[in-house]
Amino acid sequence: MEILFYILLVLGIVAIMDSLAYIIAENRYKKNPESEKSYRFELLDVVFRHKYAKTIYIVAGVILIAAAFVIRINF
């Protein structure tokens, strides 16, 4: 169960950090439209361009982290 805890924890953190990285980069490129967009931002833009994608990723990350701690506490 220890490995499952770490897998869920890492997946939750990655989901939240990807959406936050996109939000920060999006704000940066809105303020500086002449700057060249990074490859990482373009990849994230494909996923997060949809209306509720950022919200879904953040909620899924929180659920994964909560599930990891429930597994950790119960087993």
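In the predicted model, the buried residues of helix α1 are Phe5, Leu8, Leu9, Gly12, Ala15, Ile16, Asp18, Ser19, Tyr22, Ala25, Glu26 and Tyr29. An α-helix has 3.6 residues a turn, so residues three or four places apart point the same way. Helix α1 itself covers residues 2-31, 30 residues in total. From its first C-alpha to its last, α1 reaches 44 Å, close to the 44 Å expected at 1.5 Å a residue.

The chain as a whole contains three helices and zero strands, arranged along the sequence in the pattern α-α-α. Its C-alpha trace spans about 55 × 20 × 15 Å along the principal axes. The radius of gyration is 15 Å, whereas a compact globule of 75 residues would have a value near 11 Å. Among contacts with a separation of 6 or more, 70% are accounted for by residues 24 or more positions apart.

The charged side chains comprise 9 positive and 7 negative groups, and the centres of the two sets are 6 Å apart.

Technical notes: Residues are numbered from 1 along each chain as its sequence is written. This is a predicted model: local features need pLDDT of at least 70, side-chain atom pairs count only at pLDDT 80 or more; totals for chains, interfaces and linings use all residues. Side-chain values use heavy atoms; hydrogens and water are left out. Helices (H or I, at least four residues) and strands (E, at least two) are DSSP runs, numbered from the N terminus. The radius of gyration is taken over C-alpha atoms; the globule rule is 2.2 Å times the number of residues to the power 0.38. Contact means heavy atoms within 4.5 Å. Lys and Arg count as positive and Asp and Glu as negative; His and the chain ends are not counted. The place of a charge is taken as NZ of Lys, CZ of Arg, CG of Asp or CD of Glu. The expected span of a helix is 1.5 Å times one less than its number of residues. Buried means under 20% relative accessible area, exposed over 50%, partly exposed in between (1.4 Å probe, protein chains only).
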